[in-house]
Each structure stands twice: as C-alpha cells, then as structure tokens.
Amino acid sequence: MALASARSSLEIVPYSGDLEEPPVDVKRQDSLFRDATRPAHAGHHGQDSWLRTLRLGFQCVGILYADLGTSPLYVYSNTFKYGIRHEDDVLGVLSLIIYSFLLFAMVKIVFIALHANDDGDGGTFALYSLISRYAKVALIPNQQAEDELVSRYNNYGKPSATLRRAQWMKNLLEASKPAKLLLFFLTIFATALAISDCMLTPPISVLSAVNGLRLRAPHLTTDQIVWITVAILVAFFAVQHLGTDKIGYTFAPVVVVWLLLISGIGIYNLIKYDIGTLRAFNPKYIIDYFRRNKKKGWVSLGEILLCFTGTEALYADLGYFSIKSIQLSFSFGLLPSVLLTYIGQAAYLRKHMDMQYIPNAFFNSIPSPLFWPTFVLGLTTSVIGSQAMVSCAFATMSHLQTLSCFPRVKILHTSRRYSGQLYIPEVNFFLCLASCIVTISFRTTGFIAKAHEICVALVMVITTLLMTIVMLLVWKVNIWWIVVFFAVFFSTESIYLSAVLYQFTKGPYFPLAMSAVLMVIMIVWHYVHVKRYKYELQHTVSPSEVKQLLERHDLKKVPGLGLFYTELVQGIPPIFPHLIDKIPTVHSVIVFISVKHLPVPHVDVSERFLFRQVEPKESMVFRCVARYGYRDTLEMANEFVATLVEYLQYYVRDLSLYCTAEPLKTSYPSIRMDSFRWEKKPSGHGHGIHAEEMLTPIQSFSELTMHQVGMSSRLAQFQTAKMNLEEMLKIEEDQKVIQREVDNGVVYILGETEVVAKPHSNLLKKIAVNYIFNFLRKNSRKGEKMLSIPRGQLLKVGITYEI
C-alpha cells in the first residue's frame, strides 16, 4: 500500500519526457518476502499445490537421488572387503546403515538443513551467504546500507536486542576478525572438498557398475574394467557442453524404474534368504557389533558412511525444487527403496559369507534373469548421479566467482529458462582429467571409496557448524533445540570423521591434497582482491579533487558515453586522475560503474542500479552500482547499456523531483528511511564518499511517501511543490543529452591493474602476490570477456598498485 501510494503521487506530478515509470510489480515483490528463506517451520516456495508438489517430487528423483540410489552398489563390498567374521556382523552393519541413513540423510538434511536455505539455494556457500546478510562477515568492505532494502536481502529483520544470544553471535562475528576468517576458511574448505568430491563420484559410481560385467564376462581383467570406465567417463564429460542438465527431468523415469527394481530385488532376497534380517532395526545389534569387533568396528564406520553420500548434492541442488517435494519423494520413494535394497543384500550375505561373493555383493544378489536389465539401469543411473555432482561443481565455481575467491573462468548458461544450469569448459576439462587419473591410479572402488569418505565426513561436520550459526543468528529458535542439534550431530559425525582419518594414508590424502591446492588458489586470489580494494578505498579521489579535474582548462570533452568500470562502490577510483593526467580527455557523459554481487541468489532489475551524481552537475558524471545476485547472469554489453541508460534517465528525472521536494525532507525527517543517511564519511585515508548516499531511480523519489502516517498532509504539501516549466525543460534537456551521447557511441574503460607486493614485504607475501596471483591473473579470463565488451569499444588504462 505504501509503495502503491507513492506511485500514485508520482503520477500527479507533471514532468516532461516520454519515459514511463519503471515496472514494479508490488504483488510480486510482496510474494518474494513470503517465498524467501524461512526457519525450520516453513517452506521456501510458499503454499505449493499438491499437484505441483507431486510433479516436482517426481522430477527431483532424477536430479537428486541417483547418487544416493547407487550407493548400494559398493557399500557392503567395501565394508566387508576383508571378509565377514560373524553372521551377526551383517546385522550390525545393516543396523548402522539404517540409522546412519535415517539420522544424517533424512533427519539432518531433508527435515532440517533444507530449511536453512538462501532463498531456495542450499549448500555451504548458501549458508555463508545467509549468514553474511545478518552479520557483516564479508572481508571485502563494500557493504552498503541500501543493500538491505533489496526485497530478497533480509526477511527476518535484524536480531532483536531481547534475543541476547542472536545479538551476541552477531556482535562476535562482526567484531572478531578471527571469527570472520574462520567462517570464511570453513566455507571455502567445504567448497574445495565438494569440488574434490565431484572428481570422485563419477569414478566410483561408474566403476562399481562396470564391475558387474565380471559376472557375465569373468575373463575381463582389472585393466580392461578400468579402461572401459575411462571411456565412459570421457564420453560423459564430452557431452557436457550440450547442456545435459537441461534434460535432467527426463532422467526421473530411469531413476524411478531403478529404485522400483532394486527395492523389488531387495524384497525377493529378504523372503528367499532370511526374513530374520529385519531384526537389524533393533539397535542392540550395533552395540553387539562394536563389542565383537572393537577397533575394526570403529574403523568400518568410514565405509558405512558411504550409504548417505550424495546428500551434499541433494542439499546444494535444492534451488530446482521445493522443500515439500523433496521431503515427500525422499520419505515415500528413495528411503524405502534404498533400505529394502540394503536389507535384501544383508539377507543374501548372511547365507553367502564366503569371500567370493562379497566383492560384487550387489550383482551377485540379483536373480539371473534380471541381471542385464539391472546392469544397464545401474550404469545409466550411475551416470545420472555423476551428472548431479558435475552440475553442482559448475554452480559452486560460479558462486566462487561472485565471492571473488577464484580466477575468472568462462561460464556458459545452457538454458534460457533455468539460470542455474551452467557449463564451465575449464572446470569440465579439469574434472574429466581428474576423474580419469583417479580411475587409472586407484583402479578399484576400495581405494576411491577411501578418498570419497573424507570429503563426505568433513563436509558433514562443516555443515553442522554453519547450521548451528544459522540457528543462533537467523532462526533464533529455542536454545535447547540448538544444543541438542549440535550435540547429537557434531558428536556422531566426529566419530565417523575420526574413523576416516585413521586410514588417512590409504586414500583420504588425495582429496585433501586437491582441496589444499584449490584453497591456496582461493585464499591468494581473495587476499589480493581484498588488499587491492582497500588500497583503492584509501586512495579515492576527494570531491574537490574531482571537481578540479573536471574543470581543468586543458581538459577536452569528446562526444559519447564513457562507462568507467571499477570495483569500488564508494567514491572515485585513483585510476581516474591517472587517466586524466596521461590523456586530458573525457567523454560528454561519464558513468563510473561497479558490478557488485550481493549475498542473495537474485536481484530484480528494478532494484539493480544505485546512482549518485558527481559534482559539478554540469559535467554529467555519475556513479552507479550495478547489483547482482550470485545466480544472476551478467547481460551482454549492449543489453546492459540499454537497461543502464533507461534507469539513469529515471534517476535524472527523480533526482530533480526530489530536490524540488527538499523542504519536505527537512520538515519531516521521520519519513526518511533508516538506511539512507546523507552524511559524508571518510574511507580510510582517502576522501571517498560513503555509498549510503546512493539511491535507486524509484527509491530516490517514492520513499518520500513511503510511510502512511500523516500521508494525506504530506501529499498535500508535496503537490504544492510542483516544478515550474523551466525546471521541467531542464530535466528533458538532460535526458536528451544522455540519449544523444549514447547515440554518439559508447566506450568501455577498464583498468588494467597490476598488483605487486611492497618492497619490504615478507617473503610469503611476495610469493603470493608477485608470483601466484600474477600467474593466475595472466592465465584467467580477462574482464572484458566476462563483461562481453566489444573489442572495438574497449579502452584499457594501465596502473600498478603496491599493496
């Protein structure tokens, strides 16, 4: 109602020009508040109809459950790789599988973690993004008060002072640099582990399925099995550029048939071999298992946790579906199918305890007439499960780009309809090469499983830690529920992790080594990015200096629109006077543009641009912050300019209207929104202008009538503050000037910044900045390619910073 009233007031104020009001769908914006992230008692897609929920539930089977659904291929064979000492050990392991699957996959992920989502996005990066919106934990000092006005930014409100633990957590994260660094470290560590896991899932899934050929072709050697697997992996990664993720929903029927088939086989084996296997639902067998096997039983937990591998991809790919659809399909589809499969295999193993049956326990337990259908479906489902993990890797790498934690890579969107469906050639090649190397090096699922386990165990623990922070800071639920959650999951997951680390030299070192390499890249890239940003922030050009530069007698103006790209959201960057000194020429209209990614998945185009005019006004110089979510796609340069100019003209008009209504601001200070403070604040040692002065085209005017208290009297006063004809003509002339200069041509100005360590820096810093960072920068994609800037309209300005 408030925004609608503001728009009504806009319509009665005359102004010249052909522009219409920017499209703002109030009902849609209101729905964003309802549909965004919610605490553990609500869903993120609003009130979905049952028909839609059922449809999504069927579709998500093909995307999310293939990896979990193929785990029975290798769990028992790896757990009992040294044989079965006692027939009740099978019941003990089965009982552990049942309760581990229920506790970690179902309770933690499906019924708790899915609610800790960032406007529908899941995973550790989404948790970090969600925390960043409630506490200023980002290491780059580019936060703006206006960011909190974005409709998807903050839907719970700031922690109430009465909730002392939420406020305490907020203060701790904001005031403690070690806490910020630890949170950042945990996030990128989990991200690096997830990418490493994406190198391991395709080999172990496909190799487990291909191993089934030995039952029908016993003459096949291990080398032949390995090379068949490599051929399948190469073919799999070779088709990624076609946008395989677009047809992900077509995988659902295949996975549904697979789940129905393996559950039917499980029932068959249960009835045929040992119906008493159902006794494993009694947790007493877990105690007996550890009592008999002691240390070996504890060590076997590393293999048992493989039963719920794939839950991290389920959580990370939440954005495609609704919470209800996942909970429904998991509870009534995946859960009974997978448990019946494990129970059936256990029944078979209780009657076939000889070592010859264990390495291929899954395919050995299949009735002979069903072997080939099961083999083909198993291999297909393994590939589908690998697809989910690879898609997760693409999305994760895209998120790292927005966090400025990884060198720029080429990101292609394979679907016009679904922005989250990505393809990254460099990452695809890297995953393909790594998967083939893993397959050739380890050769058997046993060694790959060891490497797989460490990724799963560590991501589990980190997710628990981040979720606990979300519960304290965002959800603000009862403290005893948080204590129970942390105590139960952190303690049990630590036991699993200790079992994995005990066998560190037998495989877990590989993903940790790969994660360490990735983390070095992330840390160095982010460290230099933060240092460079702070350097520019400390050396921003003061308003008086800018005015002197623009009023220089030898400064020439050339026709056209100059778009000056900078990472700063505060003030004018030091590269601008550097350019003026070297080439005393500027364009008739200049816009300093900062492309900024907010910790939200999407930013609506009506909320994208923040503007501020730079003095003197006659120079037609503006600052603009273009805000994107981490799932938003950067437009092509021409499309971006068209949208930018459209909203710039709205801003020029609304700014003049706002200035006309200036008496209102002083007479009624209460109508100013809290986030808009007009005072100037210094930035470091420079004279930067604090970005809180910036406004969107709509906010710059409609906020005058945003509050309903005393609305009628304010509207009456506002209507008396109409512009005279001269002022209206001035607005029209400014708009025409902008459009004319756009027609004269657009030039994109990019800073080619070289960063070097100061001469007296320590050796580690010199290595990180002068060698590692500069090597990565030279071998990553250039900024103009990321922004799709035409070469003929590009101007680069070189400068060197010592940090």
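This is a predicted model: local features need pLDDT of at least 70, side-chain atom pairs count only at pLDDT 80 or more; totals for chains, interfaces and linings use all residues.
Visitor: How much space lies in the largest cavity?

Guide: About 400 Å³. To place the largest cavity on the chain, look at its lining: 30 residues contribute, and those nearest its centre are Gly123, Thr124, Glu312, Ala316 and Cys392.

Visitor: Which elements give two or more residues to that lining?

Guide: Six helices are named here, H6, H7 (124-134), H9 (177-210), H15 (311-316), H18 (371-402) and H20 (445-475). H18 supplies the largest share, with 6 residues.

Visitor: And how do the residues of that lining divide into nonpolar, polar and charged?

Guide: You'll find 16 nonpolar, 10 polar and 4 charged residues around the largest cavity.

Visitor: What volume does the second largest cavity have, and which residues line it?

Guide: Its volume is about 80 Å³. The lining is made by Tyr565, Val595, Tyr628, Leu634, Glu635, Ala637, Phe640 and Leu787. By class that gives 7 nonpolar residues, no polar ones and 1 charged.

Visitor: Back to H6. How should I read a helix like that?

Guide: Then check the length. H6 covers residues 87-110, and its 24 residues should span 34 Å at 1.5 Å a residue. The end C-alpha atoms of H6 are 33 Å apart, which agrees with that.

Visitor: Where is the kink in H6 centred?

Guide: On leucine 102, where H6 has a kink of about 25°.

Visitor: Why is H6 described as largely enclosed by the rest of the structure?

Guide: Because 19 of its 24 residues are buried. The cut-off behind that word is a relative accessible area under 20%.

Visitor: Now the cysteines. How many disulfides does a search of the whole structure find?

Guide: The general idea is that a disulfide is a covalent bond between the sulfur atoms of two cysteines. Here the search comes back with 0.

Visitor: Is cysteine 432 buried or exposed?

Guide: Buried, at 16% relative accessibility. Cysteine 624 is buried too, with a relative accessible area of 2%.

Methods:
Residues are numbered from 1 along each chain as its sequence is written. Side-chain values use heavy atoms; hydrogens and water are left out. A disulfide is a pair of cysteine sulfur atoms within 2.5 Å. Buried means under 20% relative accessible area, exposed over 50%, partly exposed in between (1.4 Å probe, protein chains only). Helices (H or I, at least four residues) and strands (E, at least two) are DSSP runs, numbered from the N terminus. The expected span of a helix is 1.5 Å times one less than its number of residues. The bend at a residue is the angle between axes fitted to the seven residues ending there and the seven starting there. On a 1 Å grid over the protein atoms alone, a cavity is a set of points where a 1.4 Å probe fits but cannot get out, and a pocket is an open set with protein on both sides within 12 Å along at least five of seven lines; lining residues have an atom within 4 Å of a point. Grid points are joined across faces, edges and corners, and a volume is the space filled by probe spheres set on the points. Ala, Val, Leu, Ile, Met, Phe, Trp, Tyr, Cys and Pro count as nonpolar, Asp, Glu, Lys and Arg as charged, and the others, Gly among them, as polar.
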